[in-house]
Structures are given as structure tokens and as C-alpha cells.
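Biologist: Could we go through this model together? I would like to begin with the spaces inside it.

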Amino acid sequence: MSAIESLTMPNTYVRLMLQTAQDPQQILVGSGLSAEQVRQDSADIEVWQQLVCARNSAAVSRSPHWHLNWADRIAEHFHGPVTAAWLSAPTLGDGLDIFVRYIPDRAPYLSFRSVRATETWQVELRSLMELGDIAAMLIELPLLTLAIYIHRLLGKRVDGLRLQFPHQPLAGLDHYRRLFHGELTFEAPVAALSLPAAYRNLANPGYDRTMWNAARRRCEAAAQGRATHTIINRVVEVLFNSLDEQSPERVLPTLSGMAKQLHISVSTLNRRLRAANITYQALLDDVRSQRAKELLSNPQRRVVDIAHELGFRDTTSFVRSFKRWYGTTPGRYRRRIDGVH
């Protein structure tokens, strides 16, 4: 089990899945959760349990677009203190920033990054762990949530709103066009939502100073209560960013290098990782294993080059690690996925 899978998160989204399910027990199969427990108790669950329930929901619904209708129903609501904060924020930009900063506490398997330019604002999403056959669905859900928030807050279609997805459509394009209210691009390099930066300054008609200040404090308190999440997510994000660098001299950070990038001491980083029952090497393995599968899906990439890109000293070391991760060699794995495609 990866470090991210063992993190905790609110059970809110599972509770919402149960509300719409004809047979709630089917949603919970394999999760170790009971319907009574989830409905009556707002206690946290672990990420792997959330993912099991999401995968079950997709299987039970037998609809490629069930998640789009589900996200449309919950939209800007049901996100704990984030809901109160972004609905009462002074401007659209303030609300978007609150979501990007604090929603990872409620979906620890995703990373959100804001990119600001002179004329545009963009938020990019990345999965922090292997999400398998529900990766595309889990990427689309927060992007749809953001798109609906923008549309409903402004009360109109936003010219220049763009959404891009690194996968093919999961459903007919009509479903996407009806809900996302923006220009859509599939099989893009990165999952992202962007809009003209000027929209960020538009006033929120629901702005409430007292509620806004109180909600922000609640968001911060919740984040501090999940400090373990924060350090693991940050470490994984830095490692992924290091692998994304185009420099031929790219080197994955050592433990001390990671501490420096996070602006904390090595002892503090070690202490926080120990509190999460995880090691730096385990996180490094998580990131390398996920990126290895991504790179091997490209038949143009040689195994020797992938080994170098992932920071292994030689191909033999990479092959040995890949067998430990997945029980097969990179070559056999590549032949298997080629056969599927």
C-alpha cells in the first residue's frame, strides 16, 4: 500500500455516494465500512477506502458519465469548511484560491497547483498515486466542481474558460458541454482549468465578511490537524516536479535536499514522516513506480532511458525495483499493455 493510500480523509463523499445508490452495500464491498457506520458517523476514512467505494460506484452505475451527474449535484457544496469559505469569499479569485489550497486535505490523492500569468490563471491537477481505472474520473470531478462554481457564481458562461484532460472522454461530449460551460480539450499534456485572470477580480454577490473570516480560520485549523497529509503531499509533489524537469542533469533530491526545498530541517522532516509511519525512501519508491508505468506506456521510450530518467544508476537496478513493485519486468509489463491496446 502506498503512503497516500493510508492517509485519512472525510467520509463525506462516500456518504453522498450511498445517498444515490439503490443498494448501498454494493458501494461498500471491500472497503471494510458499513452503511450504518458511514451514515451515522462523520469520522475519517482512509484514502484506499474512498477509492474502493468510488470504483464500486462506477461499476454499479454502469454509466460512463455517472460521476458527472453526481458532481453536478454536489458541485460547490459538501466540501466542509471549504464550502463556507468559497461561497462567502470577497471575489471569485479568493474563492478559487481557497479551493486550491485546502481541497487537497479532502482528496489527498491529488495535487493542485496554481499558475498565474499576466492574462490567465490556471490550476493544474496531478494524481499523487496510482489510481488505475478510475484516474480519469477522479481528475474530472474537481475540475467540474471548479467549473460549476465559476459558472454559478458569475451567473453566465465565462468566455475564455478552458478545461483540458490527459485522457479521452469518458462519456459523450454533450454531457461535458452541458456541465463544464467551457472549451474542452482531451488527451492534453496536463489536467487543468484556466480562465482570463481579469475574472478573478469579480465581486462575489454572496460575500459575507464574518462568515468569510470564520470559514478561513476553520479551513486553516483543519489543515493544521492534517499536518501529516501536508508533508507527504509536499514531498511527493516535489519529487514529481523533479522528474518533470527537462534538464539532462536532473537529480532527485536526497533527504537533506528535500528538507531544504521544503524550508525545514532534516530532523523536522524525519520527525513528521515518522509520525506518518512512512520513510523518505518509501515515498521515493511510490513516485518512481508510478512514473515508471507512465513512461513505459510510451513505446518510443527505451527502458535504459527510463531508468536514467528515474534516477537509477543502471538498468539492472531499475529492473530489480520494477519487479519488486509490480512482480514483473518492465519489458513484460510493456508487452502486456501493448496487447491491451
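Modeller: A term is needed before the count of lining residues: a helix here is a DSSP run of H or I with at least four residues, and helices are numbered from the N terminus. Please also keep in mind that this is a predicted model.

Biologist: Understood. Which helix gives the most to the lining of the largest cavity?

Modeller: That is H8, with five residues. Helix H1 (12–20), helix H4 (47–61), H5 and S3 also each supply at least two residues of this lining.

Biologist: How many cavities of 30 Å³ or more are there?

Modeller: The count comes to one. About 240 Å³ of space lies in the largest cavity. Of the 21 residues that line the largest cavity, the closest to its centre are Tyr-13, Ala-107, Tyr-109, Leu-141 and Pro-142.

Biologist: And how do the residues of that lining divide into nonpolar, polar and charged?

Modeller: In the lining of the largest cavity, 17 residues are nonpolar, three are polar and one is charged.

Biologist: Which helices and strands each supply at least two residues of its lining?

Modeller: The helices are H5 (66–74), H8 (135–154), H11 (227–244) and H14 (280–296), and the strands are S3 (110–116) and S4 (120–127). By class, the lining of the largest pocket has 16 nonpolar, nine polar and nine charged residues.

Biologist: Which residues in H8 and H9 meet?

Modeller: From H8 these are Glu-140, Leu-143, Leu-144, Ala-147 and Ile-148, and they meet Tyr-176, Leu-179 and Phe-180 in H9. The contact of H8 with H9 involves seven nonpolar residues, no polar residue and one charged residue.

Biologist: What about H11 and helix H12: at what angle do their axes cross?

Modeller: The axes of H11 and helix H12 (residues 255–262) cross at roughly 110° and come within 11 Å. Because of that angle, H11 is roughly perpendicular to H12. Ile-231, Arg-234, Val-235, Val-238 and Leu-239 in H11 meet Met-258, Gln-261 and Leu-262 in H12. The residues of this contact divide into six nonpolar, one polar and one charged.

Biologist: How far apart are the axes of H12 and helix H13?

Modeller: They are 9 Å apart, and H12 packs with helix H13 (residues 266–275) at an angle of about 100°. H12 is therefore roughly perpendicular to H13. On the H12 side, the contact is made by Leu-255, Ser-256, Met-258, Ala-259 and Leu-262, and on the H13 side by Val-266, Leu-269 and Asn-270. Six of the residues in the contact of H12 with H13 are nonpolar, two are polar and none is charged.

Biologist: Let us change topic to the strands. What order does the open sheet of five strands have?

Modeller: The order is S3-S4-S7-S5-S6, and the pairing is mixed. S3 and strand S6 (183–185) are the edge strands, as each pairs on one side only. On average, neighbouring strands of this sheet are turned by 15° against each other, direction ignored.

Biologist: Do S3 and S4 pair in the parallel or the antiparallel sense?

Modeller: S3 and S4 pair in the antiparallel sense, over seven bridges. A hairpin of three residues joins S3 to S4. Ser-111 stands opposite Arg-126 in S4.

Biologist: And in what sense do strand S5 and S6 pair?

Modeller: Strand S5 (residues 162–164) and S6 pair in the parallel sense, over three bridges. Here, Gln-164 stands opposite Thr-185 in S6.

Conventions: Residues are numbered from 1 along each chain as its sequence is written. This is a predicted model: local features need pLDDT of at least 70, side-chain atom pairs count only at pLDDT 80 or more; totals for chains, interfaces and linings use all residues. Side-chain values use heavy atoms; hydrogens and water are left out. Ala, Val, Leu, Ile, Met, Phe, Trp, Tyr, Cys and Pro count as nonpolar, Asp, Glu, Lys and Arg as charged, and the others, Gly among them, as polar. Contact means heavy atoms within 4.5 Å. Two strands pair if DSSP finds at least two bridges between them. Axes are lines fitted to C-alpha atoms, for helices over the stretch in contact, and angles run from 0 to 180 degrees between N-to-C directions. Angles under 35 degrees count as roughly parallel, over 145 as roughly antiparallel, 65 to 115 as roughly perpendicular and the rest as oblique. On a 1 Å grid over the protein atoms alone, a cavity is a set of points where a 1.4 Å probe fits but cannot get out, and a pocket is an open set with protein on both sides within 12 Å along at least five of seven lines; lining residues have an atom within 4 Å of a point. Grid points are joined across faces, edges and corners, and a volume is the space filled by probe spheres set on the points.
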